[in-house]
Amino acid sequence: INYATFFISLIAVVVSIYHQRHSEARKSAQLIKASITDDLTGIPNAVEFAQKAEILLKTTETSKLIYLFFNIANFRTYNDHLGYEQGNALLKKLAEGFATVFENDIYGRMSDDHFMVLTRIDGFEDRIEQMRQILKKECTDELYLELKVGGYRPAENSNPRSDIDRARYAVHSISHHADKTYIEYDKKMHEEFHLRQHILNNIDKAIREDYIQVYYQPVVWSDDKKLCGCEALARWDDPEFGFLSPGAFIPILEECRQINKLDLCIYEKVCKNLREKLDQGEKIFPVSLNFSRLDFELMDAVSELERLVEKYRIPKEYLHVEITESALTDETNTLKTAIDTLHKKGYSIWLDDFGSGYSSLNVLKDYNFDVLKIDMVFLKNFEDEQVKGNARKIIGTILDLACALNMKTLTEGVESEEAARFLTEKGCGRLQGYFYGKPMAFEDIYKAINVGKLTISDEIL
Ligand code: C2E
Ligand code: MG
Ligand code: MG
């Protein structure tokens, strides 16, 4: 009896262990499947796509293959109008389309409305067209969806992850071009992409290693042409890419929400420069600092500025806040509140690039600025007789408007004596432009002061 009991117990234990193992194996198989397939559509996800692509690239001649990154322009509006259920149904239909059209290739859903394919070069345009037709069937009269495709031809030893990024970068460049369905990643894009990656990967290092520099551009009073301040402008002196202007890195930093790091670094450098001169017993001039709209979202810009002002003991009238007109289009109150607080704390607030955007007059109605900076677009080709007539009328009218609204004025982009004379006669208070000085290093401003090219005014506000 003992033997029989022992034997039965043993069988029961073995069977139970078997069941446990079996169900574990099933669960882990399900988990693996879930981690490589896209929940919504059931086709491979980004991880699976990259793995499959890696294998294909090893077994096929790379010159015969091309990556295609698919994006659906206007998908968000489709979702907003018809609801997420309908949006999901569309994505499932597209996934089926990919499975059919690219049956012999590798395809997957990356995220949202982004799909990726690694296909044979031979006839790839036809397959894009087939996908376009599938999408076209889903459009209604009111909702127009458009297929956008970025292509990238893999190189030898390609890495699928960076290949996907490149095809994505290509498609991004035509997302707002209504007439374009397909674009291929080319040399120019490669340079831009490389720079972009470099900027994002190196912003912290650039700040740490002092690649970021502040240049100062003189601003003079129109009546006596004495220096009433300088604008602080960022430069990036990169060991690999050389000397970069803000146009090369600011839009990228803004897009990737890293601009606050740069701006904070500039504010600190400015405060440090001014403190050094004060400590040497030299006369200083006010500096205007550029604020990005995102600075007020990404950090407590007001507190950060206050902290630096205290740390370096800078009198507040020596720092002006420049906010570009295009920053003021958002509807939230964050910026308005921040501007009011800065005002209360004693800073002068300047509206930058007035006239370059769409919201100019509205902005003047809703916000309180001390100085209106008229954008340099109005002075472009000022010497041209045809341009001159209109430019004079527009600038004159803006100056009158600013006066009526009790704002002081500054015109940017003054490049000639003629422009300077006209602006002075029309009552523009401050002038800034190459005619009075290009942006330069802090010490060069003092060199210009020491040789009498610039004289710091006693009036600063
Ligand atoms: P902005 O604030 O309107 O600065 C004036 C720009 O006009 C500067 O270009 C300046 O070099 C240029 N400029 C000045 N006078 C003349 C002229 O007579 N002729 C011509 N053709 N150009 C003139 P820059 O330094 O390339 O800066 C471009 C923009 O980048 C700035 O426009 C500003 O919006 C942004 N920026 C520059 N530094 C910073 C910064 O530290 N932080 C932030 N957030 N933005 C910055
Ligand atoms: Mg500015
Ligand atoms: Mg400006």
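In strand E11, aspartate 352 is the bridge partner of threonine 324. The model is predicted: local features need pLDDT of at least 70, side-chain atom pairs count only at pLDDT 80 or more, and totals for chains, interfaces and linings use all residues. Residues are numbered from 1 along each chain as its sequence is written, chains are lettered from A and ligands numbered from 1 in the order in which they are written, and side-chain values use heavy atoms, with hydrogens and water left out.

Helices (H or I, at least four residues) and strands (E, at least two) are DSSP runs, numbered from the N terminus. Two strands pair if DSSP finds at least two bridges between them.

**The metal sites**

Aspartate 352 bridges the magnesium ion (ligand 2) and the magnesium ion (ligand 3), which lie 3.8 Å apart. Donors are N, O and S atoms within 2.8 Å of the metal (3.2 Å for Na, K and Ca). Water is not among the atoms, so sites may look incomplete.

| Ion | Protein donors | Distances | Spacing along the chain |
|---|---|---|---|
| magnesium ion (ligand 2) | Glu231 (OE), Asn290 (OD1), Glu322 (OE), Asp352 (OD) | 2.0 to 2.3 Å | E-x58-N-x31-E-x29-D |
| magnesium ion (ligand 3) | Asp352 (OD), Asp353 (OD), Glu412 (OE), Glu412 (OE) | 2.1 to 2.4 Å | D-D-x58-E |

Aspartate 352 is buried, at a relative accessible area of 5%. Glutamate 412 is buried too, at 7% relative accessibility.

The magnesium ion (ligand 2) draws on glutamate 322 and aspartate 352. Both residues are buried.

**Strands that carry the donors**

Strand E10 is mostly covered, with five of its six residues buried. Strand E9 (residues 287–291) pairs with E10 in the parallel sense over five bridges. In that pairing, phenylalanine 291 stands opposite isoleucine 323 in E10. E10 also pairs with E11, again parallel and over five bridges.

**The nonpolar cores**

A nonpolar core is a set of buried Ala, Val, Leu, Ile, Met, Phe, Trp, Tyr and Cys residues joined through side-chain atoms within 4.5 Å. The largest one has 87 residues, of which Val270, Phe285 and Leu319 touch the most other members. Helix H9 (residues 259–279) gives this core its largest share, eight residues.

Which residues does leucine 319 touch beyond its neighbours within four places in sequence? Its contacts (heavy atoms within 4.5 Å) include Val270, Cys271, Leu274, Val287 and Leu289. Tyr347 and Ser348 are also among them. A second, separate core of 27 residues includes Phe98, Phe102, Cys139 and Leu147.

**A five-stranded sheet**

Five strands form an open sheet in the order E2-E3-E1-E4-E5, with mixed pairing. Its edge strands, E2 (106–111) and E5 (182–184), each pair on one side only. E2 joins strand E3 (residues 114–120) through five bridges, and the two run antiparallel. There, serine 111 stands opposite histidine 114 in E3.

Helix H2 (residues 46–59) packs on the sheet and touches strand E1 (65–73), E2 and E3. Its direction makes about 150 degrees with that of E2. Helix H6 (residues 160–172) also packs on the sheet, touching E1, E2, E3, strand E4 (146–152) and E5. The direction of H6 makes about 135 degrees with that of E4. Axes are lines fitted to C-alpha atoms, for helices over the stretch in contact, and angles run from 0 to 180 degrees between N-to-C directions.

**Aromatic pairs**

Rings of Phe, Tyr and Trp (its six-membered ring) pair if their centres lie within 6.5 Å; planes under 30 degrees apart count as stacked, over 60 as edge-to-face and the rest as tilted. By this rule there are 22 aromatic pairs. Phenylalanine 70 and phenylalanine 98 have ring centres 4.8 Å apart and planes at 80 degrees, so the pair is edge-to-face. Phenylalanine 70 belongs to strand E1 and phenylalanine 98 to helix H4 (residues 84–101). Both are buried.

Phenylalanine 382 and phenylalanine 422 form a tilted pair, 5.7 Å centre to centre with 40 degrees between the planes. Phenylalanine 382 is buried at 1% relative accessibility, and phenylalanine 422 at 4%.

Technical notes:
Buried means under 20% relative accessible area, exposed over 50%, partly exposed in between (1.4 Å probe, protein chains only).
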